[in-house]
Amino acid sequence: MADVARREAPLCSEQFGSGAARGCRPAADGSLRWEAWGRRWWGFSGAFTGKPGGRDGGGGVAPGRASPPLSPLLAMFLPQGFPDSVSPDYLPYQLWDSVQAFASSLSGSLATHAVLLGIGVGNAKASVSAATATWLVKDSTGMLGRIVFAWWMGSKMDCNAKQWRLFADILNDVAMFLEIMAPIFPICFTMTICISNLAKCIVSVAGGATRAALTMHQARRNNMADVSAKDGSQETLVSLAGLLVSLLMLPLVSDCPRLSLGCFFFLTALHIYANYRAVRALVIETLNEGRLWLVLKHFLQRGEVLGPTTANQMEPLWTGFWPSLSLSLGVPLHRLTSSVLELQQLVEGHREPYLLRWDQSRNQVQVVLSQMAGPETVLRAATHGLVLGALQEDGPLPGELEELRNRARAGPEKESWVIVKETHQVLDKLFPKFLKGSAQGLLPSSTV
């Protein structure tokens with residue numbers, strides 16, 4: 001009995017990446033028999049029998065029981081080490097993102113069919129040179145728009161990746177709607193598809209930039225390249241499925257404009273809904289201006305720091321582009337002062353490595369950062385600016401800030417520098433508590 005128990009006891013165990021751990025037991029013929037101790041829903045489980053002298057010992061490896069056929073398929077489309085190598089919100093986001101990509105692929109086939117029809121494909125009277133000229137004008141308009149939009153908005157997409165992602169997909173639906181409507185108004189056909197292509201190029205810039213920001217959020221083991229590559233594989237698979245369905249759908253709806261338009265509206269509704277669910281599923285653990293304002297407002301009112309999930313659920317997706325307070329970090333010093341008196345007022349009371357100016361009439365805060373300013377200083381400067389913005393709004397505030405709000409509303413605007421000076425003293429008490437709550441995992445501190 002002791003010999004049997006010794007033979008049945010595992011000799012060793014192994015675990016590769018985030019896969020299930022497997023124990024190794026000796027078989028009767030002296031070979032090693034590997035069995036899974038745990039099981040994960042994506043597979044890679046089962047027992048495997050390795051003959052002595054396999055790849056680890058010089059011979060072959062014979063499976064004792066085949067693994068589920070779905071396992072290698074999923075391994076082709078999921079990052080190595082999934083789910084431990086990606087963020088917890090990876091799977092729900094990718095599922096909804098695949099749904100929206102499928103709907104967009106079908107809508108795109110309807111739009112492409114309309115554009116080719118408008119250019120003259122299948123019409124013997126259509127001019128090849130005219131169609132070529134139209135296509136070149138359309139492409140050149142989009143290229144110029146891509147350059148201008150990247151210059152204008154490129155730096156603002158990192159901090160508001162969710163809002164810009166949603167904006168890009170809605171704009172893409174608008175562009176495809178213009179393409180479908182273009183053949184109905186042949187006089188304005190060239191102008192319509194030029195506007196549509198301009199919108200699509202803006203979509204490509206916004207979508208690509210936000211995809212990079214989201215990939216950085218999802219990758220947890222310095223595996224951005226793997227996460228990005230597998231996302232491309234998933235998108236290719238969905239596009240292929242959309243292509244096959246389009247081949248079946250187009251012959252059914254191409255001869256009936258109303259049916260084609262009805263299909264487009266249904267797919268557009270599905271596309272927008274799936275996009276909203278995908279973006280809402282994201283739980284980004286860093287602070288942008290919108291999330292910082294939500295967390296700070298909750299802290300000032302209740303003395304608690306919101307967690308990442310709650311803050312992301314409360315973050316506005318449709319109105320996140322236009323905050324009530326205009327907060328600018330890292331502005332040049334010459335934009336804040338033009339006289340010695342103004343410079344003295346800015347410096348007075350500022351013990352932190354930043355200078356702040358508050359324009360009450362415009363509800364605008366501008367911050368000059370020192371070269372010694374680190375992430376904590378930048379977070380304090382942003383918090384300082386948002387606290388000043390809170391003085392312009394209604395709602396409960398701590399006693400010191402409530403008194404400052406009454407003074408700010410009653411006093412002249414030219415004395416706003418005095419309020420700024422006194423909010424420094426209030427922040428000396430409040431900010432360490434706020435920072436401690438953030439550092440305890442409720443919402444990690446980050447730059448805005």
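Which residues does Phe 102 touch, not counting residues up to four places away in sequence? Phe 102 touches Val 238, Ala 241, Gly 242 and Val 245, where contact means heavy atoms within 4.5 Å. The structure is a predicted model, in which local features need pLDDT of at least 70 and side-chain atom pairs count only at pLDDT 80 or more, while totals for chains, interfaces and linings use all residues. Residues are numbered from 1 along each chain as its sequence is written, and side-chain values use heavy atoms, with hydrogens and water left out.

**Overall make-up**

- The chain has 14 helices and eight strands, these being DSSP runs numbered from the N terminus, with helices (H or I) of at least four residues and strands (E) of at least two.
- Of the 448 residues of the chain, 42% count as buried; buried means under 20% relative accessible area, exposed means over 50%, and partly exposed lies in between, with a 1.4 Å probe and protein chains only.
- Among the contacts in the chain with a separation of 6 or more, 65% come from residues 24 or more positions apart.

**Helix packing: H6 with H7**

- Helix H6 (residues 189–218) packs against helix H7 (residues 224–253) at an angle of about 120°, and their axes are 9 Å apart; axes are lines fitted to C-alpha atoms, for helices over the stretch in contact, and angles run from 0 to 180 degrees between N-to-C directions.
- H6 and H7 are therefore oblique to each other, given that angles under 35 degrees count as roughly parallel, over 145 as roughly antiparallel, 65 to 115 as roughly perpendicular and the rest as oblique.
- On the H6 side the contact is made by Arg 211, Ala 212, Thr 215, Met 216 and Gln 218, and on the H7 side by Met 224, Val 227, Ser 228 and Asp 231.
- The residues of this contact of H6 with H7 divide into four nonpolar, three polar and two charged, with Ala, Val, Leu, Ile, Met, Phe, Trp, Tyr, Cys and Pro counted as nonpolar, Asp, Glu, Lys and Arg as charged, and the others, Gly among them, as polar.

**Helix packing: H9 with H12**

- The axes of helix H9 (residues 289–302) and helix H12 (residues 375–390) come within 10 Å and cross at roughly 65°, and the crossing of H9 and H12 is right-handed.
- H9 contributes Glu 289, Leu 292, Trp 293 and Leu 296 to the contact, while H12 contributes Leu 379, Ala 382, Thr 383, Leu 386, Val 387 and Ala 390.
- The residues of the contact of H9 with H12 divide into eight nonpolar, one polar and one charged.

**Individual residues within helices**

- Phe 102 has its place in helix H3 (residues 90–119) and is partly exposed, with a relative accessible area of 28%.
- The C-alpha atoms of Phe 102 and Leu 270 are separated by 9.7 Å, although these residues are 168 residues apart along the chain.
- Thr 268, in helix H8 (residues 257–281), is buried, with a relative accessible area of 12%, and touches Ser 107 and Asp 173, not counting residues up to four places away in sequence.
- Pro 308 lies in helix H10 (residues 308–314) and counts as buried at 15% relative accessibility.
- Pro 308 and Glu 285 are 23 residues apart in sequence and 5.7 Å apart in space, C-alpha to C-alpha.

**Backbone features in loops**

- The peptide bond from Phe 82 to Pro 83 is cis, with omega near 5°, and Pro 83 has its place in the loop between helix H2 (70–77) and H3.
- Asn 222, in the loop between H6 and H7, has a positive phi of about 50° although it is not a glycine, and Asn 222 is exposed, with a relative accessible area of 84%.
- Asn 363 lies in the loop between strand S7 (354–359) and strand S8 (364–369); phi of Asn 363 is near 50°, a positive value in a residue other than glycine, and Asn 363 counts as buried at 14% relative accessibility.

**Cysteines**

- A search of the whole structure finds zero disulfides, a disulfide being a pair of cysteine sulfur atoms within 2.5 Å.
- The sulfur of Cys 256 is 8.9 Å from the closest cysteine sulfur, in Cys 263, which is too far for a bond.
- Cys 256 is partly exposed, with a relative accessible area of 32%, and Cys 188 is partly exposed, with a relative accessible area of 33%.

Methods:
A crossing is left-handed if the near helix is turned anticlockwise from the far one by less than a right angle, and right-handed if clockwise.
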